[in-house]
Amino acid sequence: NLDGVSEKKKIRVRRYGKQKKLLKPILEIKSKKGFETKKEIYRIDELEGLRFNDLENLELIKNIVNSKKKAKNVVYPILTTNYDRQYFVSNNGRIRATVDYNLKSTHLKNLSQIDIVKNFSSYCVLEFKYPTNLDKYVRENLRQITLRLSKNSKFINSAFELPNYLS
């Protein structure tokens, strides 16, 4: 883990498949405290097959997510991000890795932008996933590989950066 916010919570609806349709949606609440990450996952079958490119459906998504998360503050859908992903597992089975590419995003907060898709096709994110007790082992083995380690957030990239074809 590189320097960053030591405590945070991320709430998202994870989905699979078509860009503007919810397929196998789950509510994922990811909490980070120091180097430890905890993930709570809830199925939200009520949203299966829903198209989220209109105001009524976004309101339904907001209401269902807020009823499931049972928090004090209301959360609103503001962004959708989708990408292709490949999965890998080390030979010893102790470390997983994902490679995300073909990142695309659409802002949902302002419905006038619902048909504008930001395309970050040159972005490629490699993420290693392992328990904290393997941190030293992973870092020692990564020294042999030339990598530029950096913090990355597909949400932050999508919300605040210009796609490569506009910059």
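## A tour that starts at a salt bridge

Select E28 and K39 to begin: these two form a salt bridge, with their closest N and O atoms 3.9 Å apart. The pair links distant parts of the chain, since E28 sits in strand β2 and K39 in strand β3 (residues 36–43), eleven residues apart. Keep in mind that you're looking at a predicted model.

Now colour the two by accessibility. E28 is buried, at a relative accessible area of 2%, whereas K39 is partly exposed at 43%.

R12 itself is partly exposed, with a relative accessible area of 23%.

Next stop, helix α1 (residues 55–69). Pick K62 and E59, which form a salt bridge with the closest N and O atoms 3.0 Å apart. They are three residues apart in the helix, which means about one helical turn separates them. Which of the two is buried, and which is partly exposed? K62 is the buried one, with a relative accessible area of 14%; E59 counts as partly exposed at 39%. Across the whole structure, a search finds nine salt bridges.

Zoom out for a moment and switch to cartoon. Of the protein's 167 residues, 28% count as buried.

Elements giving two or more residues to its lining are β4 (79–89), β5 (96–107), β6 (118–129) and α2 (135–142), and the largest share, four residues, comes from α2. Colour the lining by class and you'll get eleven nonpolar, three polar and one charged residues.

Last, show the surface and select L126, F128, I145 and L147. Together they make a nonpolar patch with about 320 Å² of accessible area. L147 is in the loop between α2 and α3 (154–160), and it's partly exposed, with a relative accessible area of 36%.

Definitions and conventions:
Residues are numbered from 1 along each chain as its sequence is written. This is a predicted model: local features need pLDDT of at least 70, side-chain atom pairs count only at pLDDT 80 or more; totals for chains, interfaces and linings use all residues. Side-chain values use heavy atoms; hydrogens and water are left out. Ala, Val, Leu, Ile, Met, Phe, Trp, Tyr, Cys and Pro count as nonpolar, Asp, Glu, Lys and Arg as charged, and the others, Gly among them, as polar. Patches are made of residues with over 30% relative accessible area and no salt bridge: like charges are joined within 9 Å, nonpolar side chains (Val, Leu, Ile, Met, Phe, Trp, Tyr) within 5 Å. Accessible areas come from the Shrake-Rupley method with a 1.4 Å probe; for residues, only the protein chains shown count as cover. A salt bridge is a side-chain nitrogen of Lys or Arg within 4 Å of a carboxyl oxygen of Asp or Glu. Buried means under 20% relative accessible area, exposed over 50%, partly exposed in between (1.4 Å probe, protein chains only).
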